[in-house]
Amino acid sequence: MVKHLSFTAFLQCTILSILLAALTVCSNDATPIPPDKSQVQSWFAAHVKPLASRKGTLNSTLEAAEAKPKTIKVRQDGSGNFKTITDAVNSVPAKNAQRVIIDIGPGVYTEKVTIPREKPFITFRGPPKMATLQFGGTAAKYGTVYSATLQVESEFFVAANLIIKNTAPQPDGKRKGAQAVALRTGASMQAFYNVRLLGFQDTLCDDKGFHFFKDCYIEGTVDFIFGSGKSIYLNTQLYVLEEKDAQIITAQAREKEGEDIGYSFVHCDIKGVGNRAFLGRAWMAMPRVVFAYSSMSSVVHPEGWSNNNHPEREKNLYFGEFKNTGPGSNPKGRAKFSKQLSFEEAKPFLTLGFIKGSSWLLPPP
């Protein structure tokens with residue numbers, strides 16, 4: 001004989017389920033990335049599980065989009081659905097509500113690609129040996145942020161196994177508008193796995209909303225990670241290229257109190273050419289950047305940070321470091337306005353809660 005739950009019991013079960021889901025999200029968002037780099041992958045697997053085990057805890061539109069993903073293939077030899085990435089993106093309908101995986105075959109694709117705001121839930125998935133998307137746009141022709149080889153203005157974008165390159169020549173200090181962006185993240189809830197970003201000045205415009213970079217490589221000369229995003233960079237290599245003038249990794253654009261943005265670099269490797277690269281500069285009035293558990297070679301300038309010739313910004317900026325290693329991490333000689341953080345101070349930058357990741361972040365495709 002089947003016994004039916006009373007309405008009260010049903011309501012109690014429903015409330016309990018909601019509370020358990022909420023507790024799961026809170027727990028995932030609050031658990032710090034471990035200090036041991038060898039444990040990062042297991043931490044990630046435990047806290048960024050596939051959709052099947054997280055139903056009811058993710059953004060509802062994301063869950064609906066992931067329910068029936070669609071794959072379209074880009075192959076230069078004509079064996080796929082399209083020969084160019086641009087044509088594949090154009091085929092996605094406006095107000096798309098379904099995950100569309102654009103499977104990109106091997107090769108070099110010379111295209112300037114924009115994913116418009118009304119096309120969310122797109123994934124670029126390259127082959128294991130990676131495909132290359134490249135273009136030579138510059139600020140002189142397009143404006144800085146719009147010079148990007150790939151400009152993503154839609155939410156819930158994912159990229160994996162892809163090289164994104166701006167092929168414009170290195171600025172020489174003489175040509176106006178020579179800066180050139182490889183990638184612009186122009187919307188929230190975007191994730192990048194095993195992506196290489198290649199350029200010189202302004203390689204990555206980390207622009208709007210929450211972003212997550214894991215197992216990536218980013219190179220450049222000046223301000224090669226800049227913008228108003230709120231992002232975690234995990235197990236990512238930052239490579240400083242040779243530059244006769246300033247070498248600066250980040251130019252974070254926080255301008256005022258209450259602006260909830262900033263960059264967190266965790267278990268990253270900083271390498272490159274030279275010995276005078278700054279981790280960040282006060283491009284705007286109140287930048288917020290933290291490096292934790294990261295390895296810093298001697299490419300990092302002993303002072304570590306620059307006030308960008310604006311000493312009045314020193315009282316409002318937030319440049320922090322926590323348990324970094326390597327010759328470039330020596331706190332002796334660091335700029336006085338930077339801070340060596342305690343664990344409690346660093347913790348908010350070490351969890352998925354920094355980007356509200358438990359509600360939208362999924363494993364790589």
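Author: Welcome! Let us start with contact, which means heavy atoms within 4.5 Å. Here, Asp103 touches Thr71, Ile72, Lys73, Val74, Arg75 and Arg125, not counting residues up to four places away in sequence. This is a predicted model, where local features need pLDDT of at least 70, side-chain atom pairs count only at pLDDT 80 or more, and totals for chains, interfaces and linings use all residues. Residues are numbered from 1 along each chain as its sequence is written, and side-chain values use heavy atoms, with hydrogens and water left out.

Reader: What is the mean pLDDT of the protein chain?

Author: pLDDT is the predictor's confidence in each residue, from 0 to 100. The protein chain has a mean of 94, and 93% of its residues reach 70 or more. Over residues 13-26, however, pLDDT stays under 50, and the model has five contacts beyond four places in sequence for that stretch.

Reader: Back to Asp103: why does Asp103 count as buried?

Author: Buried means under 20% relative accessible area, exposed over 50%, and partly exposed in between (1.4 Å probe, protein chains only). Asp103 counts as buried because its relative accessibility is 12%.

Reader: Which side chain does a polar contact join to that of Asp103?

Author: A polar contact is a pair of N or O atoms within 3.5 Å; within protein, one must be able to donate a hydrogen and the other to accept it, and residues adjacent in sequence count only if both atoms are side-chain atoms. For Asp103, the partner is the side chain of Arg125, at 2.7 Å.

Reader: In which strand is Asp103 found?

Author: Strands (E, at least two residues) and helices (H or I, at least four) are DSSP runs, numbered from the N terminus. Asp103 sits in strand S2, residues 100-104.

Reader: Let us turn to S13. How many of its 13 residues are buried?

Author: Twelve are, so strand S13 (residues 222-234) is mostly covered.

Reader: How many bridges join S11 to S13?

Author: Two strands pair if DSSP finds at least two bridges between them. Nine bridges join S11 (residues 204-214) to S13, and the two run parallel; Lys214 has Leu234 of S13 as its bridge partner.

Reader: Which sense does the pairing of S13 and S16 take?

Author: S13 and S16 (residues 262-266) pair in the parallel sense over five bridges, with Leu234 opposite Val266. Four bridges also join S13 to S15 (residues 247-252), again running parallel, and there Phe226 stands opposite Ala251.
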